[in-house]
Amino acid sequence: MRNLFLFCFLISTFSFSQNPIDLSYYLPDSSSYDPAIPAPESVIRHEVGEWHITHDKLVQYMYALAGASNRISIEDRGSTFEGRPLLLLTITSPSNHSRLEDIRKAHIAATESNSTDTSSRPIIVYQGFSIHGNEPSGANASMLAAYHLAASKSQEVTDLLNNAVILFDPSFNPDGLQRFAYWANTNKNINLNSDPYDREYSEVWPGGRTNHYWFDMNRDWLPVQLPESRARIKTFHKWLPNILTDHHEMGTNSTFFFQPGIPSRTHPLTPKLNQELTGEIGNFHAKALDKIGSLYYSEESYDDFYYGKGSSFPDINGGIGILFEQASSRGHIQQSANGILTFPFTIRNQLTAALSTLEAAKSMREKILTYQHNFFKNARSEAAKQGNKAIIFGNEKDAGRTYHLAEILERQNIQFHELKQDLTLDGKNFRKGYSYVIPKNQKNTRLINAMFEKRTTFQDSLFYDISAWTFPLAFNLDYTEKATTANAGPVVDDLRMKPGAVTSKSNYAYLMEWHEYYSPKALNTILNKGLRAKVSLKQFNMNGKAYDYGTILIPVQNQVLNSDKLYDFLETTAEDSHLTIDGVSTGLTQGIDLGSNNFRALKKAKVAMVVGAGVRSYDAGEIWHLLDTRYDITLTKLDVKTIGRADLSKYNTIILPSTSGLGENETAKFKTWIQNGGTLIAYRASLNWLKKNELAKLEFKKVDLEAEDISYEDRSNFRGAQFIGGAIFNAEIDRSHPINFGNTRDYVSMFRNTTLFMKADKNSYNNPIRYTKDPLLSGYISKPNLDSLSMTVPLQIDGLGRGKVVAFTDNTNFRAFWYGTNKLLMNAIFFREEL
C-alpha cells in the first residue's frame, strides 16, 4: 500500500495534462484586436506555447502577418548556413511606412549634426529574440508581440506606432531554434512531465544553443564572422537604433533578469548616462512584471563589458542595449525552486518585457533621442581633438589577414584608406597593398577605440565573458597608432582581396610562399589533385627574392599533369586562394638548392575530429568552420560513440578539442593509432587526459592560493578572480620550427582562457612557442596566475612510437576571428611529419 501511495504521489507530482491556453493568458487586458489580422493559431495550427515553434512555421506566420497588416513590412536579408531566411519585420504606423526612408535619413542625420529637433521624430527600437536556439521563449513570444502590434486597436498601440519604428527580428538563430524545437517537440508527452530527468530536458550534443557550426552567435556582434551576424549588423548600422533588446534564457531555478547589470563591470568607454537610462527603462519592466506577479532581479550576475554581445554592442554605438534572461523550462514544463515552470509562463514574461520596452521607448522618446544625438556629438568632439592622427595596420607578406580585418571595419562602418606608399614606422614595415590607414577623426571613433585599445587595468576582476579582444593582436598584424593621415591614400570604398596569379609558366618548378593566410587552402588543393609538393625547412634566395621557412615547392616533372595543364591548374589555384605562385627555371639558389633534402615531401591531409558528448562544442565548431569554410579541407567528425568501431587508419591526423577525456578502450585505440604513425592534435582540457594516460609527457605548474581576509560573502568573487576569462599574451617563437612556418615576426599574440600552465622543455629547441617573462598584452589576469604563466609554453610536441602528439593549452581558433594563430593548426596538419 505504501508503495502504491508513493507511485500515485510521483504521478501527481510529475505529470500534468496540457491546460488549455488562449491569447488572453498572454496579451494585455486593455486591447481589442482586429479580426482581419491572423492570430498565431490560425496559421501555425496550435496555440503559442502548446508546442515549440519551428522556424519554418515562424516564417510562415510572419509572412501571413505582414500580408494582412499595413503596419508591417517584411524583408528577407539573407540565409543561414542551412539556408533558412533571416527575416526582418519593420513595424510602425501606415503613415510612417509611407515615409520610412525619410524617417531613416532624418534619424541618421541627427547623429551627424550639432543640433536636432526631437519633438516629432520617431524613436528606433530593434527587438531581437532567441540568439541561443535552445532559449526559445523569446522567439515564441515574438509571434505574440508582432500580432499585438499588428492587430491591437488600442489607442496605446496607435500612439506607439506613430512615435516609433520597430525593427523586429523574430529569430536571431534560425538553425539553432529549429534544432531545439525538433528535440523538445519529439520528446513531448501528452501528459506533460515536469521531472527534470526526463529526456525532453536533456538535449543530445551539441544542443540547440548554437548555429550550424556550433558558434555562440551572441559573441559575434563585433567580429561579424557569421552570416546571421552580418545581416543584423548591416541593419544596425543602416538605422542606428536607439534601443536594442536581446531576449535570452538562464537556469531553470532562476526568475527573470533585466539590465542594468553589475555596475562595476561596465566597460569604461560606455557613458554613465547609458546605464542611468537603462535603469530608468528597467522601471518600466519592473512595473509590468509586478502587474502579472512575476519575480525578477537586476544589477546582478550579468555585465556590460565585452562589446561583442547583443546587449553591449549598442552601448559603444550610441544606443542602449538591454539583456533579458528568463528562467528556462528547457521544454514544456519543469520543476524549479520557484515551483512548476511552464513554457507558456516563460513566453508571457518575455512578451511582457518586449512590450514594456516599447512603453519605455514611447515615454522616454525625446530623452533617448537626445542621448544618442549627444553621444555622437561628443564623439565628434573627441575625434576632432585627434586631428590628423591615424592607425596603420597590416602585414607586408600577408594580404589575406589584412583584408579580413579591413572587412570587419567595413561592416562596422569605419572608414579606412589605402596606404599611400611603403613606409617604416614605429619599428614596423608597412607595405602598400598590404596595409590600411584608419583616420581617428571620424564618426565611429569610439568604436575604433573599443576595437584597437589594449587594456590591463580594471575596476572589477570578474567578467561574464572575455576581458580583451584587441583586433590587430587577434590577427597578429603589425600596427601603430603613431601614424597620420599624411600616410593615407584614397578612401577604400570597394574592398577586394588581392588577386592571385602565377608569375610565369615554368618547365622546371613553382614556388609558393607560406605567409599568406590562404596558403593552406592552396596546398590542400594541390595535394588533393595528386600533385607532388615539398616544404622547405630552410630559407634561401632566388631571382632577387628571399624565400622563408615553409616555402612550398611544386616540381613540374613527374606529375600527374603535363606542364601546360599544371600551369593552368596552379593559375586557378592561385586565383582561388588569392596568392602568388612563382615560376622558376632553375634549381640553383643562394642557399639550399631545390633538389636539397631540406625540401621534404608532403602527403595529403586526411583529417578527423572527435565530437560528441563530453567534447566542448564551441571549440569543435570553430575548427570545423575553419577547415570547411576557409580552407576547403574535408573533415570527418568522429562521434565518441562510434570511435570503438571506426577504422582510425584512414586518417593521418585526428583533432581532439577540449574534453575531459575518452573511455579506456578508446584511449587504448588512440594510443595504438599514434604509435603506428598518427598525429593527434589536442586542445585545452584534453591535455590532462594526455598526461594521465601517458600519451604525452607534459608537466604543469600548480598554483597554490590561500584566501586571506576574504569574507564568506566574498568567497565566490575571490575564486572567480582566479579564472582567466579571456586575455591576450605575448609569446616568443622560433620561426625555424615547422609549427611556426608562415610567421614573419619573432613573437605572436596568443589568446588564453585556461589556467593550464605547461612547463617548458629543458631543451630550448623543443619550445617553439614560449610566453615571455612579462607576457600580458591586454586583458585581466590575477597576479598569481600571471606569475605562473611567465616563461611557460602554450604548446608541446611529443613523440609516441612513430607518431606525434601536438598539445595546445588554449584555443588557437577562438570564435573565428583569431586569424593570427589559425596557421598553427594548419602547420600541425600539413607538416606533421616534420614537427
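Predicted model: local features only at pLDDT ≥ 70, side-chain atom pairs only at ≥ 80, totals over all residues.
User: Are α17 and α24 roughly parallel or roughly antiparallel?
Analyst: Helices (H or I, at least four residues) and strands (E, at least two) are DSSP runs, numbered from the N terminus. Axes are lines fitted to C-alpha atoms, for helices over the stretch in contact, with angles from 0 to 180 degrees between N-to-C directions. The axes of α17 (residues 519–528) and α24 (residues 822–830) come within 10 Å and cross at roughly 25°. Angles under 35 degrees count as roughly parallel, over 145 as roughly antiparallel, 65 to 115 as roughly perpendicular and the rest as oblique, so α17 and α24 are roughly parallel.

User: How many nonpolar residues are in the contact of α17 with α24?
Analyst: Contact means heavy atoms within 4.5 Å, and here S519, P520, L523, N524 and L527 of α17 meet K823, M826 and F830 of α24. Ala, Val, Leu, Ile, Met, Phe, Trp, Tyr, Cys and Pro count as nonpolar, Asp, Glu, Lys and Arg as charged, and the others, Gly among them, as polar. Besides 2 polar and 1 charged, that leaves the nonpolar ones at 5.

User: How are α11 and α13 oriented to each other?
Analyst: The axes of α11 and α13 (residues 365–385) come within 11 Å and cross at roughly 160°. L273, N274, L277, E280 and I281 in α11 meet K367, I368 and Y371 in α13. Going by that crossing angle, α11 and α13 are therefore roughly antiparallel.

User: Is Q275 buried or exposed?
Analyst: Q275 lies in helix α11. Leaving aside neighbours within four places in sequence, Q275 is in contact with P260, T266, T270, D304 and D315. Buried means under 20% relative accessible area, exposed over 50%, partly exposed in between (1.4 Å probe, protein chains only). With a relative accessible area of 16%, Q275 is therefore buried.

User: What separates the C-alpha atoms of R265 and S461?
Analyst: R265 lies in the loop between β8 (256–258) and α11 (272–292), and its relative accessibility of 13% makes it buried. Leaving aside neighbours within four places in sequence, its contacts are S301, D303, D304, F305, D460, L462 and N717. R265 and S461 are 196 residues apart along the chain, but their C-alpha atoms are separated by 8.5 Å.

User: Which residue of β24 is the bridge partner of M512?
Analyst: Two strands pair if DSSP finds at least two bridges between them. β20 (residues 509–512) is joined to β24 (residues 552–555) by 4 bridges and runs antiparallel to it. In β24, I552 and I554 on one side and L553 and P555 on the other are all buried. The bridge partner of M512 is I552.

User: Which residue of β26 stands opposite N541?
Analyst: An open sheet of 3 strands has the order β23-β22-β26, with antiparallel pairing. Its edge strands are β23 (545–547) and β26 (590–591), each pairing on one side only. Strand β22 (residues 540–542) pairs with β26 over 2 bridges. Opposite N541 stands Q590.

Conventions. Residues numbered from 1 in each chain as written. Heavy atoms only, no water.
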